[in-house]
Amino acid sequence: MQTNCQQVLGLVENQSDWYLGNLWKNHRPWPSLGRGFNTGVILLLLDRLRKLRWEQMWRLTAERELMSMLSTSLADQDIFNAVIKQNPFLVHQLPCFWNVQLSDHTRSEKCYKDVSDLKVIHWNSPKKLRVKNKHVEFFRNLYLTFLEYDGNLLRRELFGCPSEADHNSENLQKTLSELDEDDPCYEFRRERFTVHRTHLYFLHYEYEPSSDNTDVTLVAQLSMDRLQMLEAICKHWEGPISLALYLSDAEAQQFLRYAQGSEVLMSRGNVGYHIVYKEGQFYPVNLLRNVAMRQVNTPYMFLSDIDFLPMYGLYEYLRKSVVQLDMANNKKALVVPAFETLRYRLSYPKSKAELLSQLDMGTLFTFRYHVWTKGHAPTNFAKWRTATTPYRVQWEADFEPYVMVRRDSPEYDRRFVGFGWNKVAHIMELDAQEYEFVVLPNAYMIHMPHAPSFDITKFRSNKQYRVCLKTLKEEFQQNMSRRYGFAALKYMTAENNS
């Protein structure tokens, strides 16, 4: 952009009659130069703006105009235009195709009829895609088509356009080059180093933890096929929630529409939605958990899965348990016993007595009792039935309970992707760091039925998948031995004996 030394704002002229004041009766716009300029798309020369003392310039103008106008209709746009009216030399007018404005009253057709190479399409109306103009259907389809593209397309380095050296990128390339591409588990190993685009706090989040240092955040991760669980979880857990969602760019837009259409979700300001965009062949389950954990701002976190409904009142029960078990001064992992139902419609038990009744009737079962007993056997459900006080249990091979821990507890190991051993490895690490596992006598959660995930299907049908998982397990256990020494040998022997 060629400018003279006084031009500091690159702008496209307004493409409606807003600043001409003739859109409707009694319409009184702020002062502007001619048609005015649309500041939804603006090029700022910041060094020149600072030299002009821009902050004082706009403030003085705004204060003076507000004495007669009393308020703004278009916020910053009105103030920009008032400043430009007084100082026309500030503007370098850009061609119309740098800001094709699609409001209800747009005259942008005069621009796009003559220009084929449009640079920026701007839905400059509160109605966004629902504005009324002659060619809106064409632009809406163009926009929606673009959303369907994989956004990773936009992060590829263009050939012939060298960029500055990025040391992180160079180190990543070096690490990847050291992997053996002939290794049958190469794709698994590569996944550990994949860098995912991440959008933290995709929707508005506003929550301050309570001052008593007992607050707990529910942590979970999900993909598009589990979205239907969100409203139910919000009804069961009134405390803060941190969720990592694994989505494509198009799915992120679908999620946005779903969330904005849900009264339940929109009524909650204490749910943090963090989008990790799809990349690679596997579901990065532990990366997602880590992303969600890192955004927790309470002293404690309840590590759950999206297909579980916590009992009503669990949030308050866990907070009381923090005090009762002196969590602040002890390394404890509080176990919430897990159950499951095969029924899509379940009368959710309101109490432990009601749950035990459903357990006896066969409406509920202890979680995975029929396919993976070892995962939750150490919880000791027989003892839990009659327990009235918290009780300690010992770690055993393949133990993978759902626990509440302090926010500073270790993260999940990223080498485990898709299905298998992702939680087991984390619980093993908690044990290695000498966390006590304490079962809560009046807490429970229930797994709701759903179709099998793509990753469990791959695990069951692909022998190489299972072989690679076994290899990764062995390497993890060797790492544990190196990190935790003699005490970690029990993990190797326990695995061999199980």
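Modeller: This is a predicted model. To start with a charge over a ring, Arg289 lies over the face of Tyr412, at 5.1 Å from the ring centre.

Biologist: Where else does an Arg lie over the face of a Tyr, and at what distance from the ring centre?
Modeller: Arg197 sits over the face of Tyr277, with 4.2 Å to the ring centre.

Biologist: Back to Arg289. Which residues are linked with Arg289 in a network of salt bridges?
Modeller: Asp305, Glu400 and Lys423 are linked with Arg289 in that network.

Biologist: Are Glu400 and Lys423 buried or exposed?
Modeller: Glu400 is buried, at 12% relative accessible area. Lys423 is buried too, at 11%.

Biologist: Why would two such side chains pair at all?
Modeller: Side chains of opposite charge can pair when their charged atoms come close.

Biologist: How many salt bridges does the count come to?
Modeller: The count comes to 26 salt bridges. One of them joins Asp183 and Arg189, with the closest N and O atoms 2.6 Å apart. Another joins Arg226 and Asp225, where the closest N and O atoms are 3.2 Å apart.

Biologist: OK, switching to rings. How many aromatic pairs does the structure hold?
Modeller: It holds 26 aromatic pairs. Phe138 and Phe139 make one of them, with 5.1 Å centre to centre and 75° between the planes.

Biologist: Why is the pair of Phe138 and Phe139 called edge-to-face?
Modeller: Planes over 60 degrees apart count as edge-to-face, and the angle between Phe138 and Phe139 is 75°.

Biologist: And which of these two is buried, which exposed?
Modeller: Phe138 is exposed, at 52% relative accessible area. Phe139 is buried, at 2%.

Biologist: What other residue do ring pairs link into a cluster with Phe138 and Phe139?
Modeller: Tyr112. Ring pairs link Tyr112 with Phe138 and Phe139 into one cluster.

Technical notes: Residues are numbered from 1 along each chain as its sequence is written. This is a predicted model: local features need pLDDT of at least 70, side-chain atom pairs count only at pLDDT 80 or more; totals for chains, interfaces and linings use all residues. Side-chain values use heavy atoms; hydrogens and water are left out. Rings of Phe, Tyr and Trp (its six-membered ring) pair if their centres lie within 6.5 Å; planes under 30 degrees apart count as stacked, over 60 as edge-to-face and the rest as tilted. Buried means under 20% relative accessible area, exposed over 50%, partly exposed in between (1.4 Å probe, protein chains only). A charge sits over a ring if NZ of Lys or CZ of Arg is within 6 Å of the ring centre and within 35 degrees of the ring normal. A salt bridge is a side-chain nitrogen of Lys or Arg within 4 Å of a carboxyl oxygen of Asp or Glu.
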